[in-house]
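Visitor: Hi! Could you walk me through this one, starting wherever you like?

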Amino acid sequence: MATSKQGEGGMNNQSRNESIERDEEDKGNQSPLSFKSLLWHGGSVYDAWFSCASNQVAQVLLTLPYSFSQLGMLSGIIFQVFYGIIGSWTAYLISILYVEYRSRKEKENVSFKNHVIQWFEVLDGLLGPYWKAVGLAFNCTFLLFGSVIQLIACASNIYYINDKLDKRTWTYIFGACCATTVFIPSFHNYRIWSFLGLGMTTYTAWYLTIASLLHGQVEGVQHSGPTKMVLYFTGATNILYTFGGHAVTVEIMDAMWKPRKFKFIYLIATLYVFTLTIPSATAVYWAFGDQLLTHSNAFSLLPPNGWRTTAVVLMLIHQFITFGFACTPLYFVWEKVIGMHETKSMCLRALARLPVVIPIWFLAIIFPFFGPINSAVGALLVSFTVYIIPSLAHMLTFRSASARQNAVEKLPIFLPSWAAMYVVNSFIVIWVLVIGFGFGGWASMTNFIKQVDTFGLFAKCYQCPPQGPAIPHH
């Protein structure tokens with residue numbers, strides 16, 4: 001009896017999944033293949049891969065050598081691989097929960113025609129309103145600060161091309177530029193941007209690697225890390241932040257024609273990202289050693305030339321794209337709050353989205369601490385948003401035998417038992433809670449407060465060299 005029931009459940013699941021994919025294909029086939037659709041309407045597996053890979057590493061590329069100087073070379077590489085794998089696992093869990101939520105809703109004949117499904121709605125549908133509130137609070141705060149970090153990074157970078165204006169003034173200017181992202185409707189429309197974005201980070205990573213190797217080691221270079229516990233955990237938390245870029249996973253999945261294919265995309269994106277982050281951080285740390293402890297932006301130590309200027313410009317454009325990535329889910333949440341989400345007119349929606357940009361702008365001017373703010377956000381927000389909450393949500397969603405039996409997605413080949421899934425998820429929750437949130441939170445907040453004491457809030461020019469008559473060379 002049980003087997004026939006299970007077989008029936010399996011058939012239902014299959015037809016449900018087919019209907020999801022048919023819906024998505026209809027959505028995708030509405031626009032004829034044209035130049036516009038080539039640049040604008042992206043929903044393939046490749047689009048999702050580009051979105052994940054380009055979104056995962058932006059300005060973090062420039063702060064990883066700083067983290068290596070806090071952690072030491074060996075710990076730096078081990079933490080990158082470890083958090084990269086854990087990050088890919090939790091992205092996989094999020095994709096399972098998304099498909100589960102969506103197929104349950106389709107069973108109830110809910111249509112998602114003009115609606116972008118978000119993580120907090122998945123939590124609400126599977127686990128109820130309390131989870132929705134927690135998910136929404138962490139996710140929005142994380143994305144808000146993620147956007148703030150992009151703005152700070154813009155000002156920090158452009159200063160290395162043009163130091164006539166201080167960093168705070170540059171933040172004002174870039175805040176206004178980034179406000180234009182209100183006109184990009186959804187993640188479908190980031191096709192050309194995520195493709196370009198990945199090219200830009202790839203160039204910058206290899207520029208950092210090659211420039212450092214050609215520069216050679218500075219005189220009397222020292223590699224004393226790790227020396228202090230505070231610095232060690234601050235560095236580790238920045239790496240946790242690097243591979244925790246999947247607060248927008250659900251929105252990227254929702255923009256795919258076939259969301260079920262998302263499962264391993266994140267892992268493949270992470271493996272590519274390793275080829276960028278590990279060589280560049282290792283090479284810069286090898287060349288400059290302990291100098292990086294007071295230079296959180298890797299650009300500041302490399303000699304100014306055309307190659308560096310190109311890298312800075314490309315990173316600026318990429319930060320603009322990443323700002324859009326981090327901010328778009330916030331726009332969606334805000335539209336849903338004020339009831340504008342299903343409005344057809346893009347101009348009305350763009351106007352309604354503007355209030356979201358203003359607090360981001362303001363926060364970037366208050367806390368211009370490029371580097372330390374990444375670690376603080378990593379410890380206090382990323383740890384919960386993308387590691388702890390998905391693992392707990394997965395365990396609770398499938399806690400009953402019937403939920404496990406009727407799960408839309410079957411268990412992965414490499415972990416064929418539910419007990420093993422629970423062990424892995426429990427390990428992630430405990431590890432990230434103790435090491436990431438506990439030690440990491442203590443260390444990064446200590447470091448952050450030290451920056452406030454040293455430079456003050458509203459710092460006019462964070463970590464700028466004293467201005468002489470000539471442009472200072474490091």
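Guide: Let's begin with valine 356, which counts as buried at 10% relative accessibility (buried is under 20% relative accessible area, exposed over 50%, partly exposed in between, with a 1.4 Å probe and protein chains only). This is a predicted model, where local features need pLDDT of at least 70, side-chain atom pairs count only at pLDDT 80 or more, and totals for chains, interfaces and linings use all residues. Residues are numbered from 1 along each chain as its sequence is written, and side-chain values use heavy atoms, leaving out hydrogens and water.

Visitor: Thanks! Where does valine 356 lie?

Guide: In helix H14, residues 346-366 (helices are DSSP runs of H or I with at least four residues, strands are E runs with at least two, and numbering goes from the N terminus).

Visitor: And how far is valine 356 from leucine 144, in sequence and in space?

Guide: They are 212 residues apart in sequence, while their C-alpha atoms are 8.8 Å apart.

Visitor: Switching to charges: how many salt bridges does the structure hold?

Guide: Nine, where a salt bridge is a side-chain nitrogen of Lys or Arg within 4 Å of a carboxyl oxygen of Asp or Glu. In one of them, glutamate 100 meets arginine 104 at 3.1 Å, N to O. Both residues sit in helix H5, four residues apart, about one turn of the helix.

Visitor: Is glutamate 100 buried or exposed?

Guide: Glutamate 100 is buried because its relative accessibility is 3%. Arginine 104, at 28%, counts as partly exposed.

Visitor: What does aspartate 254 form a salt bridge with?

Guide: With arginine 102, the closest N and O atoms being 3.8 Å apart. That pair links distant parts of the chain, since aspartate 254 is in helix H11 (residues 249-254) and arginine 102 in helix H5, 152 residues apart. Aspartate 254 is buried at 4%, and arginine 102 is buried at 2%. Together with Glu106, Arg102 and Asp254 are linked in a network of salt bridges.

Visitor: Nice. What about glutamate 409 and arginine 260?

Guide: Their side chains form a salt bridge too, at 3.0 Å, N to O. Glutamate 409 is in the loop between helix H16 (401-405) and H17, and arginine 260 is in the loop between H11 and helix H12 (265-288), 149 residues away. Glutamate 409 counts as buried, with 8% relative accessibility.

Visitor: Last topic, backbone angles. What is the phi of asparagine 109?

Guide: About 60°, a positive value although asparagine 109 is not a glycine. Most residues other than glycine have a negative phi.

Visitor: And where is asparagine 109 found?

Guide: In the loop between helix H5 (73-107) and helix H6 (119-127). Asparagine 109 counts as exposed because its relative accessibility is 70%.
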